[in-house]
Amino acid sequence: MNFTKKLQNKTISLLSVGLLMVSGWGTGGAPVQAAAPATPAPVCNTGDHGLLQQLQKKHTGEGKVPLTFADVEFLNAVTGRAAGNGFLIGTSDGGCHFQEIYQGQWSFRQLNFPDNVNGFALASVQEGQAKYLIGTTDGGSTWKRLSKQAVTFEHVEFMDSKTGFGYNRASTYYTKDGGLGWSKIPTPANTRGAYFSSRNSGWAVVIVPGTGYQVMSTADGGASWKLRLKSDFADPQYGQIYAKGNQVYALLYGGSGMSQTSYSLYSSSNTGGSWTRVIAQDSAGGGPAPGSGSTKVNRGPASGKPGNLQLIGKEAAFMVGYLPAAEQVGTGFTKDNGQSWSNTKTVPGYEGSISFTDHIQGWMAVRDFDSSTLYATKDAGAHWTAKFSFEF
C-alpha cells in the first residue's frame with residue numbers, strides 16, 4: 001500500500017480546488033465575487049481507530065498475549081508504520097487516520113523500510129521464538145520469507161532495496177541482493193556490537209575481559225581496524241554503536257539488577273577524533289557506569305535502561321529509555337553533538353522504541369501492562385500525544 005502516493009493525490013486535489021477558486025474571472029474582466037467555502041478541519045480518530053477488531057478478540061482473555069506494538073518507523077512527519085504480533089498498520093496523515101496494511105502469521109520484531117515500497121523485517125511465526133528475515137515490495141501488504149532458516153540477527157538495516165547489513169552482538173553480515181545472500185564482514189576478536197554506514201566504513205565495540213571497552217573503526221571493510229576510544233570497566237559485556245556522517249555514539253553497558261541498568265553514552269562529532277562522555281548512569285542494582293572522568297549528566301531517559309538511539313542531521317541525537325519498576329518510558333536528546341543533554345517527559349509503560357524524522361518531530365511505540373500506545377511529539381519529546389492505542 002503506497003501511502004505517499006495517496007497523500008500526493010489528496011494534495012493535488014486540494015491544490016486544484018484552490019487554483020479554480022482564484023482563477024474565476026468573468027468575460028468582462030471583472031473578477032467573480034464568489035465566497036470560498038470553508039474547509040473543515042480534519043477530524044482525527046483516537047483509540048484503536050476501529051482497526052483489527054477480530055484480531056483483538058482473539059488476543060483477549062486469560063492466558064492470551066494481547067496485541068502490542070513491537071516497533072515503529074516513520075519515513076517523514078506524516079507517513080509511517082507500526083507493527084506487532086500479527087499486524088502492521090500505517091498512516092499517511094500524521095496519525096489522524098490509520099489503515100490496516102497487514103494481518104497474518106508474522107509476529108514482527110523489527111521494521112526497516114528504506115523507502116515507502118520496499119521493506120524488511122525480523123519476525124517470528126505467531127508467538128514462536130525463531131526469527132526469520134522477511135521482505136515486502138508493496139509497502140507491507142504481503143511478505144515473503146527471505147531466509148530459508150531462522151536467523152541470528154538482532155537488527156537489520158538496509159540502505160536501499162538491495163544493500164543492507166544484519167547484526168548480532170558478535171558478528172556483522174552484508175547483503176547486496178536484497179537479503180537473499182549474506183557475507184560475513186571481518187570484525188575484531190571479542191566484538192560485542194557493531195555498525196556499518198557503508199560496506200567499507202564501520203565501527204565495533206570490543207570487550208577486553210577484566211580491562212574494559214574499546215571502540216574501533218575500519219575504513220576498508222574490516223580488513224584493518226583502528227583504536228578510537230578506551231573505557232575502563234571491570235566486567236565489560238556488550239555495547240551498541242551508531243554513526244552518521246561525522247557523528248558517532250557509543251553506548252556501553254554496565255551491570256543490571258533490580259530493574260536498573262548502568263551505562264555510559266559517549267559521543268564524537270569528528271569521526272572518533274575526540275569524545276564526550278555524555279551520560280554516565282550508575283545504579284544501585286547495576287553498579288557503576290563504564291569509564292571515568294567528567295560527564296554531562298548522570299541520568300538518562302526515565303533513569304532506566306537505554307533503548308534505541310537515532311541520529312538526526314549533523315548534531316542531534318535522540319534516545320529512548322525505560323524503567324519497568326516505575327512504569328516509565330521517556331526520551332532524551334542532544335542538539336549539539338553531546339555537549340548538552342536533556343531528558344524529557346515520561347509516559348506510562350515498561351518498554352518502548354522511537355522513530356524521529358527531524359530534530360523536533362518523532363514517534364514512540366510504548367508497551368504497558370494494560371495497553372500499548374503509539375505517541376507522537378512535535379516538540380522533541382517535551383509533550384507526547386497518544387495517536388493509537390490498544391487497551392487490554
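1. Let's start with Trp275. Leaving out residues up to four places away in sequence, Trp275 touches Trp203, Val215, Arg228, Leu229, Val248, Ala250, Tyr266, Ser267 and Ser268. Bear in mind that this is a predicted model.

2. Trp275 also turns up in the largest nonpolar core, which has 35 residues. Along with Ile241, Leu265, Ile279, Leu309 and Met319, Trp275 is among those with the most contacts inside that core. Which strand gives the core its largest share? That's S16, residues 247-257, with six residues. There is also a second, separate core of 17 residues, and its members include Leu55, Leu67, Val72 and Phe74.

3. Next, the open sheet. Its four strands run in the order S19-S20-S21-S22, and the pairing is antiparallel. Strands S19 (305-312) and S22 (342-348) sit at the edges with a single partner strand each, so one side of each has no neighbour in the sheet. From one strand to the next, the twist averages 20 degrees.

4. A closer look at one pair: S19 and S20 (residues 316-323) are joined by six bridges in the antiparallel sense.

5. Finally, the whole chain. You'll find two helices and 26 strands. Of the 392 residues, 49% are buried. Among contacts with a separation of 6 or more, 40% link residues 24 or more positions apart. The chain exposes about 17,900 Å², with carbon and sulfur atoms supplying 52% of that area.

Terms used: Residues numbered from 1 in each chain as written. Predicted model: local features only at pLDDT ≥ 70, side-chain atom pairs only at ≥ 80, totals over all residues. Heavy atoms only, no water. Core = buried A, V, L, I, M, F, W, Y, C linked by side-chain atoms within 4.5 Å. Buried < 20%, exposed > 50% of the residue type's maximum accessible area, 1.4 Å probe, protein only. Contact = heavy atoms within 4.5 Å. Pairing = 2+ DSSP bridges. Axes fitted to C-alpha atoms, helices over the stretch in contact; angles between N-to-C directions. Areas by Shrake-Rupley, 256 points an atom, 1.4 Å probe, with all protein chains shown as cover.
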